[in-house]
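Subject: Two-chain model, handover and findings

Hello,

My notes follow below it.

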Amino acid sequence: MGIFPLAEPVYRHPSPRLMAASHSAMAPALQPGPRPRTMACLAAPAMPTASIDTSSIGERPRPHSLRELFWAFTWLALQGFGGVLAVVQRELVDRRRWMTNEEFMEDWAAAQILPGPNVVNLSIMVGDRHFGARGALVAVVGMLLLPMLLVVAVAAVYAVFATHPMVVGALRGMGAVAAGLVAGVGCRLAASLGRHPLGPLPCGLIVVTTFAAMSVLRLPLAWVLPVVGGAACALTWRKLPA
Amino acid sequence: MTTALNLQPVDWLNLFLYYLSISLLAVGGAIATAPDMHRFLVERQGWLTDVQFNTSIVIAQSAPGPNVLFIALLGWNVGLNTGDGTHMAWAAGALGVAVCMVGIMLPSSLLTWAATRWAHRNRERRSVRAFKQGMAPLVIGLILATAWVLGSAHGDPARDWPLWLLSAATTLLVWRTRIHLLWLLGAGALLGALGWV
């Protein structure tokens with residue numbers, strides 16, 4: 001995947017929300033550097049200049065073609081060792097900025113509750129939003145096709161290398177990093193709870209309750225979702241204007 | 001040759017119907033239905049061995065991509081088991097992948113698609129807004145719990161403290177910086193291959 005550089009300038013851009021809040025303060029950091037051609041179509045509408053208000057919805061970055069959507073999902077799936085969750089937030093929110101952290105969490109909640117793999121559900125939602133049913137199909141196929149070929153190839157060579165100590169060690173190290181990736185994304189998302197209608201403290205309590213129920217008590221998700229989630233939604237419902 | 005399975009078209013249909021039937025039960029990820037797949041594929045039908053079943057899950061989790069791809073590998077292995085020659089076995093493997101993946105994905109994806117459409121049409125409803133916003137703290141709790149479960153595969157903190165340290169350092173870097181995740185994964189692989197963690 002050499003066409004994708006590991007760190008493009010576009011990656012450093014703050015979220016639209018941040019930019020709206022501190023437009024002038026951020027400006028010096030936003031000088032666009034030379035961009036690789038493959039990313040030009042992504043970065044172009046998002047390039048913030050002093051005269052463009054990028055916080056308005058109409059000018060938000062979005063996929064411009066089914067092909068771009070396909071490769072975006074293939075690329076994030078291929079980065080997803082030990083689960084794709086961390087990569088989805090990084091790629092779709094932080095880097096491509098097709099969605100905000102709030103939208104990501106809303107979609108992720110629905111993707112978790114619905115049956116089926118949650119990253120696949122999320123790709124259906126994102127694809128459908130931009131290109132309708134075709135987009136949903138393209139996003140899912142993008143997420144699954146190349147990784148599926150790769151996993152079959154890995155299976156073919158697995159028997160040869162499975163017990164090699166360096167391979168075992170590398171997988172151990174990547175497993176430890178994968179846990180950290182997911183935790184780091186959780187911490188990043190937690191920042192947006194400051195604007196939640198329930199307020200920071202009740203939100204924090206819900207976070208801790210869910211975490212304890214799932215990781216310490218090991219309760220099944222089928223219990224935690226309706227009980228904790230139902231309470232959280234009911235409390236939020238009371239706070240929202242009709 | 002004598003060990004090769006002999007799957008009839010009705011068996012392939014049976015496999016497809018099985019995956020269709022468990023698709024909507026896979027709430028919280030396909031891995032939650034793995035015990036039932038073991039019951040069906042290994043114990044009842046005898047289409048896979050125990051070892052094939054377990055390595056399929058291990059490989060899918062260590063390779064990139066969604067973890068649901070372990071189902072593709074299960075189908076691949078069922079196909080391979082039916083083949084008696086190399087190229088026929090590969091074709092049967094591909095058929096197995098297609099049958100299992102389409103079966104597991106079709107019902108849940110259609111449901112998600114319909115639900116997404118419905119939620120978008122009704123996005124101004126107070127109940128839909130309450131659901132979307134109310135679930136946010138729960139989602140963060142679930143994500144942190146996922147990280148914890150992944151991390152606890154490290155084992156004893158006293159002995160395996162370098163692994164825990166690596167996870168903690170990764171958490172900090174992802175949280176506070178915008179470093180690309182592939183650098184972190186590469187560093188983890190390198191440290192592990194060198195035997196430092």
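**An exposed arginine and a buried one**

With 9 C-beta neighbours inside 10 Å, A:Arg218 counts as exposed. The cut-offs are these: buried means 20 or more other C-beta atoms within 10 Å of the residue's own, exposed means 12 or fewer, and partly exposed lies in between, with C-beta atoms placed from the backbone. This is a predicted model: local features need pLDDT of at least 70, side-chain atom pairs count only at pLDDT 80 or more, and totals for chains, interfaces and linings use all residues. Residues are numbered from 1 along each chain as its sequence is written, while chains are lettered from A and ligands numbered from 1 in the order in which they are written.

A:Arg218 is not a glycine, yet its phi is positive, about 55°. It lies in the loop between helix H9 (200–216) and helix H10 (221–239) of chain A. Helices (H or I, at least four residues) and strands (E, at least two) are DSSP runs, numbered from the N terminus.

A:Arg97 also has a positive phi, near 60°, and is a residue other than glycine. It sits in the loop between helix H5 (85–95) and helix H6 (101–113) of chain A. Is A:Arg97 buried or exposed? A:Arg97 is buried, with 22 other C-beta atoms within 10 Å.

**Chain A overall**

Chain A has ten helices and zero strands. Of its 242 residues, 47% are buried. Take the contacts in chain A with a separation of 6 or more: residues 24 or more positions apart account for 57% of them. Two residues are in contact if their C-beta atoms, placed from the backbone, lie within 7 Å.

**Helix pairs**

Two packed helices are described by the angle between their axes and the distance between the axes. Axes are lines fitted to C-alpha atoms, for helices over the stretch in contact, and angles run from 0 to 180 degrees between N-to-C directions. Angles under 35 degrees count as roughly parallel, over 145 as roughly antiparallel, 65 to 115 as roughly perpendicular, and the rest as oblique.

Within chain A, helix H4 (residues 66–79) packs on H5(A) at about 140°, axes 8 Å apart. H4(A) and H5(A) are therefore oblique to each other. The contact is made by A:Ala72, A:Leu76 and A:Gln79 of H4(A) and A:Val87, A:Val88 and A:Glu91 of H5(A). Those residues divide into four nonpolar, one polar and one charged. Here Ala, Val, Leu, Ile, Met, Phe, Trp, Tyr, Cys and Pro count as nonpolar, Asp, Glu, Lys and Arg as charged, and the others, Gly among them, as polar.

Within chain B, helix H2 (residues 34–44) and H3(B) pack at about 150°, with axes 10 Å apart. That makes H2(B) roughly antiparallel to H3(B). B:Ala34, B:His38, B:Leu41 and B:Val42 of H2(B) make the contact with B:Asp50, B:Phe53 and B:Ile57 of H3(B).

Between the chains, H6(A) and H6(B) pack at about 75°, with axes 8 Å apart. H6(A) and H6(B) are therefore roughly perpendicular to each other. From H6(A) come A:Met105, A:Glu106, A:Trp108, A:Ala109 and A:Gln112; they meet B:Lys132, B:Met135, B:Ala136, B:Leu138, B:Val139 and B:Leu142 in H6(B). That contact has eight nonpolar residues, one polar and two charged.

**The interface**

The contact between the chains takes 84 residues from chain B and 91 residues from chain A. Which element gives the largest share of chain B's side? H6(B) does, with 25 residues. The chain B side divides into 54 nonpolar, 26 polar and four charged residues.

**The core**

The largest nonpolar core has 122 residues, and A:Val182, B:Ala72 and B:Leu73 touch the most other members. A nonpolar core is a set of buried Ala, Val, Leu, Ile, Met, Phe, Trp, Tyr and Cys residues joined through C-beta atoms within 7 Å. Helix H7 (residues 118–161) of chain A gives the largest share of this core, 17 residues. Leaving aside neighbours within four places in sequence, B:Leu73 is in contact with A:Val151, A:Val152, A:Ala155, B:Ser56, B:Ile59 and B:Ala60.

**One more residue**

B:Leu106 is in helix H5 of chain B. With 15 C-beta neighbours inside 10 Å, B:Leu106 counts as partly exposed. Beyond four places in sequence, B:Leu106 is in contact with B:Leu20 and B:Ser23.

Best wishes
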